[in-house]
Amino acid sequence: MTLKLCVAQLNFIVGDLEGNAQKIITAAKDAYADGARLLLTPELSICGYAAEDLYLRPAFIQACDDAVKMVAHALAGLKDLAVVVGHPMGGDSRTRSVAVQQRFNAASVLREGKVVATYAKRELPNYQVFDERRYFTPGDGVCVFEAGVEGQRIRVGLLICEDAWFEAPAQLTKEAGAQMLAVINASPFHVGKGYEREYTMRLRVQETGLPLVYAHLVGGQDEVVFEGHSFALNADGSLAGRAESFKENSFVALLKYGQGAINIEATVEPVRTPEQDLWDALVLGVRDYVGKNGFPGALLGLSGGIDSALVLAIAVDALGADKVRAVMMPSPYTADISWLDAREMAQRMGVRYDEISILPQFEAFKASLATEFAGRAEDTTEENIQARIRGTLLMALSNKFGSIVLTTGNKSEMATGYCTLYGDMAGGFAVIKDLAKTLVFKMAQWRNANDPYGTGASPIPERIITRPPSAELRPDQKDQDSLPPYEVLDAIVDRYMENDQSIESIIAAGFERADVEKVTRLIKLNEYKRRQSPVGIRVTHRSFGKDWRYPITNRFRA
């Protein structure tokens, strides 16, 4: 016998319960018309992932319950179709005047207008960006349901995301009679994560001897991106199918059951490079943040440097040239080549480009402060004034025209504080906040060699990539006047910030003590800045966002 299964790899919006429910209904009806009799939707598909403290609101949980009923009712006439939907469930009860949390990260199986089974996630992640133990109670049951037409049904064991990263839930599901595993997921992207999932799920398959279908979310939600990359594994661990990444997709798999074994057939998307994944994650993150929050477009300061050049290329790929505006704001220290390169790049990308000199405002600030600063040499104060003038101008344009300001700071700058509060940090969305400077150069070169969205080949002038980076806030300034070479700085940040290595272990690995102590000192000193920076796209396993929760007032120095 054969069962056609469909994974609704969809892009949901947190809190848009009616819209999300309608997406599920449409996907289910389309899948049914195509012959599918089992539809899987991602984790918490009814409400979107992650709804954070919305889960604490009784009205939100009730609205989710209502949305599940609406989906069930709308699909009542589709005979033999089983639909798995993810949703929060439960609420607070009171025992001896103490509030007791009884909310669950759940999934329900809908068939012919009824909820025929419900499962509560057992393993609740509480690391990196995850905070599920704040909201949910662990489940302790198993869920095995039947899918298919009468007399030809397959027993499907249901797991939710983190459950499948542990051996016990899958094993218990097999013992309960499952013939295959269906895992619904909302697993945030970082580079390489998709293939890590395939490897881990292959372990579950090998342990249980059961084939597995992995249904995953796609889309951007604030700082996290979900890349899709749903897939199916046969009982021998071989890859049976893989869906497209970073796109909504109806991923169809044929489950053929005979002689006590299930064989899965599906299309297999080819393996992707890390750079392709990273670029698509950045593009999707920008597109969904701008679109889901209702901004008409985006604007940014285009300096002639590599950071703003990369952000412009990402923004145009995400939104189209007609929704992106670049503003060059030269100071007395802006090199002629910066003007020329900024103009050339804006022309290549086809965006609106304007030049607004900050010289009059800069001179006015210095004149206003001349008496207070008398007898003191110019220093970072005057550099920061320039950056803050630019931030003010961009925010004024944003206020007047409604477009969101995209900031252009990278992870190396965020780590060391090589950025100005209310200056280049001013804006609504930090596109490359989680890209180290060395990766910025790499991605600029990759984009020049590739045109994935058809917005123009080689958009970044080569000189922007090859010239030494500079903030151009004082004469002949170079980044390396203040910082170690980026190859050294980024390696130290990776070891200390991303992988929690100690100062002494980094030095023992061959780095100069002076460089290690300087970089780690700057990381600690600049936590107060990072707390005030815009949300940005997470693309590594540890970003300066929910992954990084350190006290500002802190004297620990190891």
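Glutamate 146 has arginine 155 of E7 as its bridge partner, in what is a predicted model. That pairing belongs to E6 and E7, which run antiparallel and are joined by six bridges.

Zooming out, E6 and E7 sit in an open sheet of six strands, ordered E6-E7-E8-E9-E12-E13 with mixed pairing. Strand E6 (144–149) and strand E13 (239–242) are the edges, each pairing on one side only. On average, neighbouring strands here are turned by 25° against each other, direction ignored.

| Helix | Strands touched | Direction angle |
|---|---|---|
| H3 (residues 167–175) | E6, E7 and E8 (180–185) | about 160° with E7 |
| H4 (residues 193–208) | E8, E9 (212–216), E12 (231–233) and E13 | about 30° with E12 |

Back in E7 (residues 152–160), have a look at arginine 153. Its side chain makes a polar contact with the side chain of aspartate 80 at 3.0 Å. A polar atom of the arginine 153 side chain also lies 2.9 Å from the backbone oxygen of glycine 148. Leaving out residues up to four places away in sequence, arginine 153 touches Met1, Asp80, Arg111, Glu146, Ala147, Gly148 and Gln179.

Now for a helix pair. The axes of H6 (residues 306–319) and H11 (residues 437–449) come within 10 Å and cross at roughly 50°, so the two are oblique to each other. Their crossing is left-handed. H6 brings Ile306, Asp307, Leu310, Ala313 and Asp317 to the contact, while H11 supplies Lys437, Val440, Phe441, Met443, Ala444 and Arg447. By class, that makes seven nonpolar, four charged and no polar residues.

How values were computed
Residues numbered from 1 in each chain as written. Predicted model: local features only at pLDDT ≥ 70, side-chain atom pairs only at ≥ 80, totals over all residues. Heavy atoms only, no water. Helix = DSSP H or I, 4+ residues; strand = E, 2+ residues; numbered from the N terminus. Polar contact = N/O pair within 3.5 Å; in protein donor to acceptor, adjacent residues only side chain to side chain. Contact = heavy atoms within 4.5 Å. Axes fitted to C-alpha atoms, helices over the stretch in contact; angles between N-to-C directions. Parallel < 35°, antiparallel > 145°, perpendicular 65-115°, else oblique. Left-handed = near helix turned anticlockwise from the far one by under 90°. Nonpolar A, V, L, I, M, F, W, Y, C, P; charged D, E, K, R; others polar. Pairing = 2+ DSSP bridges.
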